[in-house]
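Take a look at the structure below. This report walks through a few of its parts, one at a time.

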Amino acid sequence: MAGLGPCVLPVLEFANARAPELQALHELSQHKQVSTCIDAKLETQKNQRRRRANAFKSHKIPQRLRVIPKAVKNSLRCRKHNRRPHKLLQDRATPSVANSERPLWLSSHVWHTKRMIMTDQYGYILASHRADKSISAALEALRTKATLHDASYYGIIELYGLPQVILEALQLISDPEGSDFHGRRFLAGAEEGRSMLYHKGQFPQGAIAPVTFMWRPLRQDYEGGQFTLHKDWQNTKRQLWLWVHPAAYMEAATAIATACLDVGHDDEESIEMLDRRGQLCRLKLRGRLADELVASIASGDGDEGSGEEEHQEEDTSDHEDGFDEKQTRINCCNGNRLYILRETEKKTQIEKKKDSIYAIAVKDPRLTRWKHGNFYHSTDRATSLSLLKEPPAEAVPKLGTDLIESPLSGLSLSSLGKDAEEPESKEILKEIQALLAWTTSTSNAVVAEESGSLNFPNSVGDGERTKFDVAKDDIDMDVEPIPNSLLWSLSKRLKIESNYKKDHKLNEEIYRQRKESVLGSTSYEVRAKSQALHLLIIKKREPYPHTSGWDIVCPPSSVVGLLKTLVFGGALVVGLEEDAALCTVLHQPSFPCDYPDTKAGQVYWDSRARDLGTEQAKKPKAVRYNFEKHGVKSPFRPRWELLFNLQKHEGDAEDEETQSLCVLRGGKYMEPFCFHRSSSTATRPGETTSMPTCGVESVVPVTIPTLVRVVIVVPRRGHIDVNAMLLAPSAEDVEQFNNNKNWKGVDVCLPKKNSVKSSNTDERSLIGYVTSSIYDRPKGAFRAVGFIACEPLQQLYIANAGQRYRKQGYYVLAMLRSPHGQMVRPVLVQAQT
């Protein structure tokens, strides 16, 4: 045992002897020849390969030992928190430097994205079409119910300055002979005007876009109750709004700014130009029920509000108009609103004004309900005493201690003082009339069913009675409403937006109100209140029945609640494609596809041709349609230069292509041509007339490439495609159409090699194209809009002189061919102003 050594090991000496060895071993383990890539992978994944990954994180402090920093109000929490719908809408609704390239959202984007197919167009995310219904459903809703389209993507350009200077600037970029801009009746602010913008000095070429405009009314013009320009109106600055399509907004703004700089030489004559995009929303309501829906919204009295605006100090407006803010609120809640109720109740409306503007203030539509297909506003429970209901104990004073007043005269009926006399017969008849109206009204039953208690008639004064009765009694009164609204002022719009009550707060008050009504409480402290909704509504009158409607301008915060209210009332929300189809059905041009002389229209057709060409290139060569073989030179977009090259010599073809197009607009410019239809030659729908030629027997030449917009109708079997070619009929085609009622067209034979083309193919020259087409399924007919060159159209009218086509007798015969077909079918075309 003695040779085994000491039993006690000296630790320090042993550690000092082993330290160099451990250091050498550690250095050796770090050498490249010893370590491999697998060891590095295991080292990086050791936390994931263990059951308790946090045990290997030595740097992580336990939860109980951490110091939690104070929360910052505007700090970003997490991605899930920032991706909430209202947060995204708040960030994407207004343009910013960080998100300058991202498309913007409309205020109703969250509602649309759940029901519509959304597309990126014109710098916005817009609703293309419905995801559950086709375009035919929108056309059916137009004639049976109503359609609703959110046109808030239209931009507003605000001009402020002297009216004469503004009109002089707008004359430089519009028709120099005169347009709606020069109408003094529009200065009243009671009518919306329409005009076409052109580049400076390029009229009638260089078109930009169609615009609608409205002037802000001034108090000085309504001193006598009726609109009359005051003496110093030329030296009083006014405010003008221009509504422009987003496809041409920047182009129009640049042209307007250039014109304003040319006319504004002095500081006093300078024009202030502001961008108001995104500050107001616009809804297009059309259809049979449009008047009823507007009347239902206007029936809500806007006098009752949250009271926030009354206690605040009245702010000065950015552009003063002379109207008092309090008087404007009263006027919008009472006079203008009742005037709208009177106008919507008229079945036959004969108005001189086409697009009348009304400024109203109505009750918040979120406080209303739709039941049994009707629109009802929440009403207060009767606070006065009634003989048909037992009053509460505290409501009746003890006899001999207090005074009991008469509900009519307010005089004493108690034993302490008998001052009351027999009421007048007029007051008694008024109360009997109110009782009879209550007994015959169907809305009281629904209100009673909702509230759980009976709602008996109360004695009302003359001021409260004029909601529907006075509107009917004053039908013969010619009272002109003043279209002044708080929406004209930027500062007042911001105040309305700040006082807007969010949905969750208003819903909580409504819930408490319903809970108290169920429990039978008599407390009115929990009654839901919200500020009045200020609106600018424009009456849009169309020539066809059940197609008229209204345009509603409202603040962005209220557009969702207003949209839901109209949807609950029966309106069908539509997108861009349905809205363009409605314009085609009404024989109206749709921007930008039906404006070939504008830059926006050219960009639209270039984009469409590029997309269709890409789809065509994806197909195998054996499946592709050989357009060149079938003689189609414009397969994807109209080539307007082909219409005029056929009429010129070969040497003039290059000069023709360099010239820009011109579209003939306005009746005064069409008077020299034979296709002009004046008001004197227009007939009633039941009459039949022959083709008038206005005394013109020859073709009037035009010096520039000129197009005329036409309406295209298929008299017999056939369909119309977009970008279809319009051809001039041959003599044989006219004879076949007039003599054979079953003739539906002819098949174009393909020319074989070493063969001469048929004479009929040469006679059918290209004269125009179709730009918009839709099949109106409810009516079983195609509706199309196109353009034809001016000189060939004159030749058609002269050749069809004396012919009678359709009831109106003002159509001419033409031929139509689809780019993908060989069939040439007869169609009827009519020139439009």
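In what order do the five strands of the open sheet lie? The order is β5-β6-β7-β4-β8, and the pairing is antiparallel.

## Ground rules

This is a predicted model: local features need pLDDT of at least 70, side-chain atom pairs count only at pLDDT 80 or more, and totals for chains, interfaces and linings use all residues. Residues are numbered from 1 along each chain as its sequence is written, and side-chain values use heavy atoms, with hydrogens and water left out.

Helices (H or I, at least four residues) and strands (E, at least two) are DSSP runs, numbered from the N terminus.

## The open sheet

Two strands pair if DSSP finds at least two bridges between them. The edge strands are β5 (193-198) and β8 (272-275), and each pairs on one side only. From one strand to the next, the twist averages 30°. Axes here are lines fitted to C-alpha atoms, for helices over the stretch in contact, and angles run from 0 to 180 degrees between N-to-C directions.

Inside this sheet, β6 (residues 207-215) and β7 (residues 238-244) share four bridges in the antiparallel sense. Phe213 stands opposite Leu242 in β7. Helix α8 (residues 249-263) packs on the sheet. It touches β4 (155-161), β5, β6, β7 and β8, and its direction makes about 10° with that of β4. Contact means heavy atoms within 4.5 Å.

## A covered strand

Now for β10 (residues 357-362). Six of its six residues are buried. Buried means under 20% relative accessible area, exposed over 50%, and partly exposed in between (1.4 Å probe, protein chains only).

In a regular strand the side chains alternate between the two faces of the sheet. In β10, Ile357, Ala359 and Ala361 point one way. Tyr358, Ile360 and Val362 point the other way. Six bridges join β10 to β13 (residues 533-540), and the two run antiparallel. Ala361 has His534 as its bridge partner in β13.

## One face of a helix

Helix α4 (residues 85-92) has Leu88, Leu89 and Arg92 buried. Seen down the axis of α4, its buried residues fall within an arc of 100°, so they line one face of the helix. The arc is that of the directions from the helix axis to the C-beta atoms. These buried residues pack against α3 (79-82).

## A buried lysine

Where is Lys501? Lys501 lies in the loop between α17 (490-498) and α18 (503-519). Lys501 is buried, with a relative accessible area of 14%.

Its side chain makes a polar contact with the side chain of Glu509 (3.2 Å). A polar contact is a pair of N or O atoms within 3.5 Å; within protein, one must be able to donate a hydrogen and the other to accept it, and residues adjacent in sequence count only if both atoms are side-chain atoms. Not counting residues up to four places away in sequence, Lys501 touches Arg366, Leu506, Glu509 and Lys529.
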